[in-house]
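Me: I'd like to go through the labels on this model and ask what stands behind each of them. Can you set the values against the cut-offs for me?

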Amino acid sequence: MRGRRVWLEANQKVPVLKNIAYALKLIWHSDKMLLLGYIFSYTAKSVFSLFIQNILFLKVLLSVIEGNGSFKQYCIYLALFLAVSLGLKVFQWYFTYRRQYSTKKVLKVINNKIFKKAYELDVSCYEDPEFYDKYQRATLVLAYSYYDLVADDIGCILGAVISFICVITTVTVIDPAYIIFLLPVMLVFVIELFKSKAVYKRDLEMTTNNRIKAYIQRTMFLKDYSKDMRTSNIFAVLMQRFDAAIQSNILILRKYGIKLFMYSMVSSLCSTFIPIIGTYAYAGWQFVYGNNMNVSDFSVVLSSINSVRTSTLDIANGFQDLTQMALYFQNLRDFFDYEPKITSGSREAGEFESLELKNVYFKYPSAEKYSLENVNLKIKKGQTVAIVGVNGAGKTTLVKLLLRLYDVTQGEILYNGVNIKEYNIEQLRNKFATVFQDYKNFAVSVYENVLCRECSEADKITACRALEKSGIWNRIQALPKGGDTIVTREFDDDGVGFSGGENQKISTARLFAKDFDIAVLDEPSSALDPIAEYKMYENLIGATKDKTVIYISHRLSSAVLSDYIFVLGGGTVLESGNHTQLMQQKGEYSKMFSMQASSYKVYEEEENENGR
């Protein structure tokens, strides 16, 4: 367990003792046995090996040899020594077994806390690079079992301190003068502190290079990058970056190499050379000329030097590790202490009647420019509304505001005439069925992806109907396991890797399976061909009869089928009206539709035939 190194990730001063106390509290509440086991194991081991075995038992043995005790007494002490040794071994065997359970329990408790907190975070946190980096670093406490290392170091330090006190006390009883030669050992703590700071600065300078290396190592094995990696020269570019990062780290290691070497030399001088030479010289002089030191005391003094050195280095290394780990637990504390800015109201969200944006302005936290400016629009119950515009017009931002993933910077959004901030946030969101532009399916069954829960037989019937309406059921039905097929092969050899369009249809099926007041479809057909897109919209119209539907798209097939259209551009509403009115205005909508006319010619003809 000893000798592990923790890499630092950020330049910040942290309260070491406070963070270690926080870590110990977290471990203690998760599983007391992990911390107690390490403390008892290291204390017993250190005291036994450094004090009882190397000093007390040695003194007893030599006393018998000198004639100061009987062989019977020696046998009794030997039996006690063997009993203690066996007892210690049994406990260590038990703790090795129990530790596996304890570490898994602590991992589970902390992991669940992190997952729960991550679920409660504002969406803005995931879009804030600084916060997201801190969140990633916080998870390293679990990824690299730093909680286990903290308990390990605390046990080691306490055991070393107790054995150090025992040894120093024994030597002092023999002759207080020996303390003079052991005093330099105390300087090791100061030297190791300076050494730790140098290591901190060195690792800090290497942080960027280590991130580059980690990014490239991760990218090489990710499926999302595999095709681009093999069909371009990007591999060579990444390898150049990787080699440059390594070369930069080599220069940093050279920069700090001499300084760290000098610290190590001085530390060795104080912990080994001066105590050993001084103690050996003084003990030899006393033994030969002093006439007041016997063989047993002489041997105990010499043996104590190694015990003091070992315990001192264990304490110094333990503190060094704890100092470096304090940064990660600081990140974990900051993560857990974060209070969401999007807070829930207390009002119950009743049946939907209207949704209105009044003078809405919005700017992302880290942005200088407004994404939405003075947006005014109103949607009534039963309407099918299209909000269209080019990429970057602010359409998706509008969806985030409606769902209170963000709050408006200025203005207000009204649900049934009341500011949405006053409503219970979960109830409000449950009024919406949303298909996001960046849809995601999960490595669970198709049925579970649709209903987002474990499915009973009755649930599966509901999911089948939803998949049929989204246009993917025939494909699912033909699979050996049907809707029980796992999406992706990442965890199941019998899983299926669906195409982009198929995945989007599975995601869209969630809407058909949900009871909702308002359907919000953010680019729901981005991965579909025009024919499949139009058929899906027809199914949506049937499934959302008497419901309110909001289409968010830069493709205008949804606009043709809508009762009312809002055209967004530059973060504001440029035009509004139905399809016919906007085409007659010859404005922005008319230009956009004309550019896409070839794809929608068939739809225009059908509309004219139906007289719509």
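Me: What makes R347 and E422 a salt bridge?
Reply: Their closest N and O atoms are 3.4 Å apart, and the term asks for a side-chain nitrogen of Lys or Arg within 4 Å of a carboxyl oxygen of Asp or Glu. So R347 and E422 form a salt bridge. This is a predicted model, where local features need pLDDT of at least 70, side-chain atom pairs count only at pLDDT 80 or more, and totals for chains, interfaces and linings use all residues. Residues are numbered from 1 along each chain as its sequence is written, and side-chain values use heavy atoms, with hydrogens and water left out.

Me: Which parts of the chain does the pair R347 and E422 link?
Reply: Distant ones, 75 residues apart: R347 sits in the loop between helix 11 and strand 1 (354–362), and E422 in the loop between strand 5 (418–419) and helix 13 (425–430). Helices (H or I, at least four residues) and strands (E, at least two) are DSSP runs, numbered from the N terminus.

Me: Why does R347 count as partly exposed?
Reply: Buried means under 20% relative accessible area, exposed over 50%, and partly exposed in between (1.4 Å probe, protein chains only). R347 has 40% relative accessibility, so it counts as partly exposed. E422, with a relative accessible area of 39%, is partly exposed too.

Me: Is D148 buried or exposed?
Reply: Buried, because its relative accessible area is 2%. R99 has 23%, so that residue counts as partly exposed.

Me: Why are K116 and E120 said to be separated by about one helical turn?
Reply: Because they are four residues apart in helix 3. K116 is exposed because its relative accessible area is 54%, whereas E120, at 34%, counts as partly exposed.

Me: Why are helix 15 and helix 17 called oblique to each other?
Reply: Angles under 35 degrees count as roughly parallel, over 145 as roughly antiparallel, 65 to 115 as roughly perpendicular and the rest as oblique. The axes of helix 15 (residues 457–469) and helix 17 (residues 500–512) come within 8 Å and cross at roughly 120°, so the two helices are oblique.

Me: What makes helix 7 roughly parallel to helix 11?
Reply: Helix 7 (residues 178–205) and helix 11 (residues 295–337) pack at an angle of about 25°, with their axes 10 Å apart. That angle makes helix 7 roughly parallel to helix 11.

Me: Which residues make the nonpolar surface patch?
Reply: W28, M33, L36, Y94 and Y97 make a patch of about 510 Å². Helix 2 (32–65) and helix 3 (71–120) are the elements that give two or more residues to the patch. Patch residues have over 30% relative accessible area and no salt bridge, with nonpolar side chains (Val, Leu, Ile, Met, Phe, Trp, Tyr) joined within 5 Å and like charges within 9 Å. M33 lies in helix 2, and is partly exposed because its relative accessible area is 31%.

Methods. Areas by Shrake-Rupley, 256 points an atom, 1.4 Å probe, with all protein chains shown as cover. Axes fitted to C-alpha atoms, helices over the stretch in contact; angles between N-to-C directions.
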